[in-house]
Amino acid sequence: MSDFTATITVHKTPAEAFAAINDVWSWWSETVEGTSGTVGDSYRFEVPGIHRCTMTTTESIPGKRLVWHVTDSHLAFISDTAEWENTDVVFDITETPAGTEIRFTHVGLAPEVECYEVCANAWGAYITTSLHGLLTTGKGDPFRRTSTGESELIKHGNAELVNLDALR
């Protein structure tokens, strides 16, 4: 099983990368409720009618590693709506000669699972475009309060992978 992974390198310090990752409102979703960064912190992510989950910080080593454990997950567009339950979202941060490398891995999101293509497309965009943009330009591209689930699926190239009529 090969878990979904995306890697970016930025000209920021590991501490700046860690802080940006924890600023989930600026790169993942403006609608996140809760906190991240310290072990035990918890937040809820939701794209209404499409996807929701609760993330709890289970490991936090500033400038090095951050792990969120997924619970209360619901993906409306697949048969096993709890497919993300008990998976982990991991950020490994490493200083390299080229800059700071952020290796994102969603442990449990593998090609064998039903949501893989849709979720890999979305994670890929959030990490390589939104988080990268936040770190390099100061501006990410998170799910906006004014967005809809359909606009989010279209933005990440997933509209053709999901029966939008079934979600309405």
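## Sheet, core and salt bridges in a predicted model

The protein has a mean pLDDT (the predictor's confidence in each residue, from 0 to 100) of 90, and 86% of its residues reach 70 or more. This is a predicted model, in which local features need pLDDT of at least 70 and side-chain atom pairs count only at pLDDT 80 or more, while totals for chains, interfaces and linings use all residues. Residues are numbered from 1 along each chain as its sequence is written, and side-chain values use heavy atoms, with hydrogens and water left out. Over residues 161-168 the pLDDT stays under 50, and for this stretch the model has 16 contacts beyond four places in sequence, a contact being heavy atoms within 4.5 Å.

Helices (H or I, at least four residues) and strands (E, at least two) are DSSP runs numbered from the N terminus, and two strands are said to pair if DSSP finds at least two bridges between them. Seven strands form an open, antiparallel sheet in the order β1-β7-β6-β5-β4-β3-β2. Its edge strands, each pairing on one side only, are β1 (4-10) and β2 (33-34). Strand β3 is joined to the antiparallel strand β4 (residues 51-61) by six bridges, and Ser 42 has Thr 56 in β4 as its bridge partner. Helix α3 packs on the sheet, where it touches β1, β4, β5, β6 and β7 (99-107), and its direction makes about 10° with that of β1; axes here are lines fitted to C-alpha atoms, for helices over the stretch in contact, and angles run from 0 to 180 degrees between N-to-C directions.

The largest nonpolar core has 44 residues, of which Trp 27, Met 55, Trp 68, Trp 84, Phe 91, Trp 123 and Leu 131 touch the most other members. Such a core is a set of buried Ala, Val, Leu, Ile, Met, Phe, Trp, Tyr and Cys residues joined through side-chain atoms within 4.5 Å, where buried means under 20% relative accessible area, exposed over 50%, and partly exposed in between (1.4 Å probe, protein chains only). Helix α3 (residues 116-137) gives this core its largest share, ten residues. Beyond four places in sequence, the contacts of Met 55 include Trp 28, Ser 42, Trp 68, Trp 84 and Trp 123. Ser 130 also belongs to helix α3 and is buried, with a relative accessible area of 1%; among the residues that Ser 130 touches beyond four places in sequence are Trp 27, Lys 139 and Asp 141.

Side chains of opposite charge can pair when their charged atoms come close. With a salt bridge taken as a side-chain nitrogen of Lys or Arg within 4 Å of a carboxyl oxygen of Asp or Glu, the count comes to seven. The table lists some of them.

| Salt bridge | N to O distance |
|---|---|
| Asp 72 and Arg 44 | 3.0 Å |
| Arg 65 and Asp 92 | 2.5 Å |
| Asp 141 and Arg 144 | 3.5 Å |

Salt bridges that share partners join Arg 44, Glu 46, Arg 52 and Asp 72 into one network. Within the salt bridge of Asp 72 with Arg 44, Asp 72 lies in strand β5 (residues 65-75) and Arg 44 in strand β3 (residues 42-47), so the pair ties together parts that are 28 residues apart in sequence. Asp 72 is partly exposed at 32% relative accessible area, and Arg 44 is partly exposed at 29%. In the salt bridge between Arg 65 and Asp 92, Arg 65 lies in strand β5 and Asp 92 in strand β6 (residues 88-96), so this pair ties together parts 27 residues apart in sequence. Arg 65 is partly exposed at 26%, as is Asp 92 at 23%.
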